[in-house]
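The sequence and the structure come first.

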Amino acid sequence: YFSFLLLIPFSASVFANVSIDVYCFTTGGEKPINMEMRVYHDTGANWTAGFVKYQNSKKPIPIFLKSSVVEVLSEDAPYQTTDSWLEIVDGKITGIYEIIMQGTQIPSFTYESYQNKRKFAFIFASSIDRTTESGCLWE
């Protein structure tokens, strides 16, 4: 019991730098595919990871940042960041997600399956309420 109490201040300080971003995406259309993406970033450790979770799935899928490229499109516009995330299922890389961000805008988000080479385009569902605790609150 005493050793557990000693760990509490340490644990709190270890996670003090972790930020969580929650994004909601949909393919739209008659039978939309809705997906949530959570990104965890620890600025102190310079570490980033996350997961995606499809609306009708109980199991999140881990993703790991493969690359991040920042571009200056013009002096008076926000930077453009292109992040590529590897999807890991059962210890194997099964696909890649690519998200392009310009400031708070997300003009492009795609997923490509390595197994069947299918590619899906998603749109940022900015109207969907979301929290770091519950994720995307799909209706």
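Helices (H or I, at least four residues) and strands (E, at least two) are DSSP runs, numbered from the N terminus. In those terms, the chain reads α-β-β-β-β-β-β-β-β-β-β along the sequence, with one helix and ten strands. The model is predicted: local features need pLDDT of at least 70, side-chain atom pairs count only at pLDDT 80 or more, and totals for chains, interfaces and linings use all residues. Residues are numbered from 1 along each chain as its sequence is written, and side-chain values use heavy atoms, with hydrogens and water left out.

**Barrel**
- Eight strands close into a barrel in the order 1-2-3-4-5-6-7-8, with antiparallel pairing (two strands pair if DSSP finds at least two bridges between them).
- From one strand to the next, the twist averages 30° (axes are lines fitted to C-alpha atoms, and angles run from 0 to 180 degrees between N-to-C directions).
- Strand 1 (residues 18–26) pairs with strand 8 (residues 119–124) in the antiparallel sense over two bridges.
- Phe25 stands opposite Phe124 in strand 8.

**Burial and contacts**
- Of the 139 residues of the chain, 31% count as buried (under 20% relative accessible area; exposed is over 50%, partly exposed in between, with a 1.4 Å probe and protein chains only).
- Among contacts (heavy atoms within 4.5 Å) between residues at least 6 apart in sequence, 32% join residues at least 24 apart.

**Strand 4**
- Val70 lies in strand 4 (residues 61–71).
- Val70 is exposed, with a relative accessible area of 52%.
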